[in-house]
Amino acid sequence: VPDHAGFPNPTEHSQQAYEPESDFTSKWTRADAMQMKAMSDPTAPAGENSMPEDVTMPTVPQDFPDMSNDEVWVWDSWTLTDGSSDQPSYKGWEVLFSLVADRDLGFDERHLYARLGYFFRKADIPDDQRPENGGWTYGGLVFPENDVTSSSTAIFEDRSFSHYTQWSGSTRLMEDDKLRLFYTSVAFFRDPVTNADTKPYDPRLVQTEGRIFADETGVWFTGFRDQHELLKADGEYYQNGEQNPFFNFRDPFTFEDPANPGETYMVFEGNTAVPRENRACTADDLGYAEGDPEAESLDEVLESGATYQMANVGLAVSENLAMTDWKFLPPILSANCVTDQTERPQIYIEDGKYYLFTISHRGTYAWNIDGPEGVYGFVGDGIRSDFQPMNQGSGLVLGNPTNLNIPRGDPFAPAVGQHPGHFQSYSHYVMPDGLVQSFIDTIGTSDDFTRGGTLAPTVRLDIDGSNSRVDRSYGVDGLGGWADVPSNLAANVPSTP
Ligand code: FRU
Ligand code: FRU
C-alpha cells in the first residue's frame with residue numbers, strides 16, 4: 001500500500017466472502033476514495049490529464065462515426081448475457097440492446113424519453129473488415145410503441161404521470177430462443193408549466209419475456225407483452241421517494257453464482273435507506289485507521305454536506321423459475337459520504353474472483369472527494385464480500401482523461417482548461433477478456449466540443465487480482481473499434497452453413 005504524504009491510507013479490506021443472505025455490507029470508504037486525489041498529479045497543467053495512465057481511458061477523437069446512421073441517440077448498451085460473464089451471439093448474429101431516444105430531442109433531454117432499442121450485426125467478422133461505425137443495423141424499438149402505452153405503463157397505478165421512460169437493465173438468453181429482459185420502468189410526475197416534480201418520480205425494476213428470431217436478413221423479437229413488476233425501493237434497504245425525492249433505484253443485472261447453484265441473483269443501483277436530511281455516515285464509512293494523521297473528523301464530514309451522497313449497490317434473489325418474484329437482500333456495497341450514484345452494477349467472475357464493476361460521475365462525489373467519470377471495480381471471494389477497491393485501494397479502474405486540479409463543468413458546458421476527454425464517454429461496461437464499451441457524451445474543450453449519442457471505441461483492461469491497467473497495445477494506442485461490442489461464444493448456431 002503506497003504511503004502518499006498528505007493523504008490518509010486506504011481502509012483494509014479482507015476480500016472475505018459472506019453468505020449472500022447475510023447482512024454484511026462492504027464499504028467503499030472515504031479513505032479508499034481519497035486515494036484518487038492521492039494518485040493525481042497536483043502540477044498537471046491546464047488541458048492535461050492528472051491521473052495515472054494505467055487507469056485512464058485513451059483520449060477519444062472528436063470526429064466520431066455514428067453507429068445508428070443518425071437515426072437515434074444511443075447511450076447505455078448491453079448484449080445478450082447467459083448468466084455467467086459470457087456474451088453469446090444468436091444464430092450467427094451479435095445483438096445489442098441500447099437506450100435510444102429521438103434525435104429531435106436535445107441530448108440532455110434524452111433521460112425522460114428513453115426507450116429500449118436494439119441493433120444486430122454478423123458475428124465472427126474480423127474487426128478490420130467491419131465498417132468504421134461498427135457495422136450495426138438498427139432494428140428499431142424492442143417493444144412496439146403501441147404496446148408500450150398499453151402494457152409497459154400499466155404497472156403505474158397513478159395514471160397522471162407526465163413522462164414515461166425506460167432505463168437500463170440487462171437481457172438474459174435462456175434456453176433455446178427465450179429472452180428475459182430486465183429493465184427499469186420509470187414514471188415522472190412533472191408540472192407542464194414549471195417542469196418541477198409534483199411528486200417523486202417512480203422507478204421500478206421490471207422483467208418481460210420474449211422470443212428472439214433470426215434469419216439471414218437479421219434479428220427480430222416477439223412477446224414482451226406481460227410486464228412483470230419485480231421490485232420497488234422498499235425504504236428499508238433501499239431508499240425510496242418519501243425518504244428522498246432524488247433517490248436512485250434502477251439498472252437490474254442478473255447472474256448465476258457458481259457458489260450457489262440453482263439461484264439467480266440481481267445487482268442494481270440504490271441508495272442507503274435513510275431520510276435525506278439524516279446525517280447518517282459513521283466512522284466506518286470514513287474508514288480511517290486509528291491514528292492516521294491525515295484522517296478527517298466525523299464531525300467535519302457530517303457538517304460538510306457529504307451526507308447527501310449515499311449510494312449503494314443492491315442485491316436481490318429470485319424466488320421462482322420464471323424470475324418474476326424477487327426478494328431484496330441487504331446491499332453488497334455502500335458508498336456513504338463518498339458518492340451518490342453507483343450505476344449499472346455488474347458482477348464479473350474471473351479466476352475464481354468476483355468483480356463488482358459500477359459507474360460513477362465526477363459530479364456525484366461527496367465534499368472533498370474527487371475522481372473521474374468512469375468505471376470503478378471491487379474484488380472479493382464471493383458476491384457478498386469485504387470487497388477490496390481495485391488499484392491502490394481507490395476503486396478507480398477506468399476513468400476519462402481528467403485534470404482533477406480544474407473544475408469539471410458539465411457535458412453541455414465543459415470547464416475552461418479541462419481536458420477535452422473529461423466527459424468523453426460514460427456508462428463503461430466491462431465485457432469478457434477485459435473489453436470495455438461506453439457511450440460518447442461530450443468530446444472537446446469549452447470553446448469547441450461535440451455531443452455524442454453513439455458508442456465510443458472499445459478499450460481493453462488487463463485485470464490481475466486487485467490491479468488493472470489499460471492495455472495500450474490493444475487497437476491503435478489502446479483504442480479499438482467504434483461500437484465494437486463482440487460476442488465471445490455462439491448460441492443456437494444454424495445447423496446448415
Ligand atoms: C446524469 C444523470 C444520470 C441519471 C439521469 C437522471 O446524466 O444523473 O446518472 O440517470 O441523469 O435524469
Ligand atoms: C447511466 C444511467 C443509468 C440509467 C440511464 C438513464 O448512464 O444514468 O443509471 O439507467 O443512464 O438514462
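**View 1. An open sheet of 5 strands with mixed pairing.** The strands are arranged in the order E1-E15-E14-E13-E12. Strands here are DSSP runs of at least two residues (E), numbered from the N terminus, and two strands count as paired if DSSP finds at least two bridges between them. At the edges are strand E1 (26–27) and strand E12 (250–256), each of which pairs on one side only. Strands E14 (residues 310–318) and E15 (residues 326–336) run antiparallel and are joined by 8 bridges. Look for Met310, whose bridge partner in E15 is Asn336. This is a predicted model: local features need pLDDT of at least 70 and side-chain atom pairs count only at pLDDT 80 or more, while totals for chains, interfaces and linings use all residues. As for conventions, residues are numbered from 1 along each chain as its sequence is written, chains are lettered from A and ligands numbered from 1 in the order in which they are written, and side-chain values use heavy atoms, with hydrogens and water left out.

View 2. Of the 7 residues of E12, 6 are buried, so the strand is largely enclosed by the rest of the structure. Buried means under 20% relative accessible area, exposed over 50%, and partly exposed in between (1.4 Å probe, protein chains only).

**View 3. The surroundings of ligand 2.** Both Arg250 and Glu269 return here, among the residues around ligand 2, which also include Trp75, Leu99, Trp167 and Tyr426. A residue is listed if one of its heavy atoms lies within 4 Å of the ligand. Which polar distances can you pick out around the oxygen atoms of ligand 2? A polar side-chain atom of His111 lies 2.7 Å from a ligand oxygen, and an N or O atom in the side chain of Asp76 is 2.9 Å from one. Ser168 contributes a backbone N or O atom, 3.0 Å from an oxygen of ligand 2. Taken alone, ligand 2 exposes 310 Å², and the protein buries 95% of that. Accessible areas come from the Shrake-Rupley method with a 1.4 Å probe; for residues, only the protein chains shown count as cover.

**View 4. The surroundings of ligand 1.** Ligand 1 is surrounded by His111, Trp167, Arg250, Gln341, Glu343 and His361. The side chain of Glu343 has an N or O atom 2.9 Å from an oxygen of ligand 1. For His361, the corresponding side-chain distance is 3.4 Å, and for a polar side-chain atom of Arg250 it is 3.5 Å. On its own, ligand 1 exposes 320 Å², of which the protein buries 61%.

**View 5. Arg115 in strand E5 (residues 115–122).** Is Arg115 buried or exposed? Arg115 is buried, with a relative accessible area of 15%. A polar atom of the Arg115 side chain lies 3.0 Å from the backbone oxygen of Tyr164.

**View 6. Ser446 in the loop between strands E25 (442–445) and E26 (448–451).** Ser446 is partly exposed, with a relative accessible area of 29%. Setting aside neighbours within four places in sequence, Ser446 is in contact (heavy atoms within 4.5 Å) with Pro414, Ala415 and Val416. Val397 is 49 residues from Ser446 in sequence and 26 Å from Ser446 in space, C-alpha to C-alpha.

How values were computed:
Helices (H or I, at least four residues) and strands (E, at least two) are DSSP runs, numbered from the N terminus. A polar contact is a pair of N or O atoms within 3.5 Å; within protein, one must be able to donate a hydrogen and the other to accept it, and residues adjacent in sequence count only if both atoms are side-chain atoms.
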